[in-house]
Amino acid sequence: MLVACLFTDCAYPKYYRTMGKKLKPWQHKFENQMQDAELIFDGKDYESAHKAFHEAYKTIPTPREKHPETTRAIMAIADTLYMRGQYEAAWEPLEDLMQLPGGAANPYIRLRRGQVLCHLGKLKKARVELTTAFLNGGPALFADETDCKDELELIEKELGHLFNQ
């Protein structure tokens, strides 16, 4: 499953994601397009997934920054760029996410920002992002991550005791 789903509950049926609210027609279309894109992502065709997530993003009405779906779509787009090793390109949407609903407080977004900064050689800033991710998401957030492992292990070693009480 797409890693960006960690913060959107997209593993759950639409009913739970919308908390029983009736979806608007654009939201139905968005959900269907995102699910299709997630299947493409899971198949590791990141270029096609990028295009599919962008199509889903375009279904969100303007002003897009007022809709939480925007956060989900942009994170998915950033993930496709990250998975393709396009770290410079991934940084722009990751930066945009900080201004969107739930973006700054989202531990997964902070994790991915830290990993991208690590790849860009900005280790001091990466460490701030990874620390924020760990403090907000806990050890489980780092459990399956292998990218930037040295930095992740260092932060977990320094802060892990906070979660062992």
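Visitor: How many salt bridges are there?
Guide: The count comes to 10 salt bridges. Keep in mind that this is a predicted model.

Visitor: Which residue does R72 pair with?
Guide: R72 forms a salt bridge with E38. The closest N and O atoms are 3.1 Å apart. R72 sits in helix 4 and E38 in helix 2, so the pair ties together parts 34 residues apart in sequence.

Visitor: Is R72 buried or exposed?
Guide: R72 is buried, because its relative accessibility is 7% and the cut-off for buried is under 20%. E38 counts as buried too, at 7%.

Visitor: What about E158 and R127, how far apart are N and O there?
Guide: Their side chains meet in a salt bridge at 2.6 Å, N to O. E158 is in helix 9 and R127 in helix 7, so this pair ties together parts 31 residues apart in sequence. E158 is partly exposed at 42%, and R127 is partly exposed at 24%.

Visitor: Which residue does K58 bridge to?
Guide: K58 bridges to E55, with the closest N and O atoms 2.8 Å apart. Both are in helix 3, 3 residues apart, which means about one helical turn between them. K58 is partly exposed at 43%. E55 is partly exposed at 39%.

Visitor: Which residues are linked in a network of salt bridges?
Guide: E95, R110, R113 and E129.

Visitor: New topic. Which residues touch the most other members of the largest nonpolar core?
Guide: F30, M34, F53, L94, L97, L111 and F142 do, out of 37 residues in that core. Several helices supply at least two residues each, including helix 2, helix 3 and helix 9. The largest share comes from helix 4, with 8 residues.

Visitor: What does F30 touch?
Guide: Leaving out residues up to four places away in sequence, F30 touches A56, T59, I60, E69, R72 and A73. R72 is the residue that bridges to E38.

Visitor: And where is N106?
Guide: N106 is in the loop between helix 5 (87-96) and helix 6 (107-119). N106 is buried, at 7% relative accessible area. A polar atom of its side chain lies 2.8 Å from the backbone nitrogen of Y108. For the backbone nitrogen of I109, the distance to a polar atom of the N106 side chain is 3.0 Å.

Visitor: Last one. Which residues form a nonpolar patch on the surface?
Guide: L135, L162 and F163, with about 250 Å² of accessible area together. F163 is in the segment after helix 9. F163 is partly exposed, at 36% relative accessible area.

Note on methods. Residues are numbered from 1 along each chain as its sequence is written. This is a predicted model: local features need pLDDT of at least 70, side-chain atom pairs count only at pLDDT 80 or more; totals for chains, interfaces and linings use all residues. Side-chain values use heavy atoms; hydrogens and water are left out. Helices (H or I, at least four residues) and strands (E, at least two) are DSSP runs, numbered from the N terminus. Buried means under 20% relative accessible area, exposed over 50%, partly exposed in between (1.4 Å probe, protein chains only). A polar contact is a pair of N or O atoms within 3.5 Å; within protein, one must be able to donate a hydrogen and the other to accept it, and residues adjacent in sequence count only if both atoms are side-chain atoms. A nonpolar core is a set of buried Ala, Val, Leu, Ile, Met, Phe, Trp, Tyr and Cys residues joined through side-chain atoms within 4.5 Å. Contact means heavy atoms within 4.5 Å. Patches are made of residues with over 30% relative accessible area and no salt bridge: like charges are joined within 9 Å, nonpolar side chains (Val, Leu, Ile, Met, Phe, Trp, Tyr) within 5 Å. Accessible areas come from the Shrake-Rupley method with a 1.4 Å probe; for residues, only the protein chains shown count as cover. A salt bridge is a side-chain nitrogen of Lys or Arg within 4 Å of a carboxyl oxygen of Asp or Glu.
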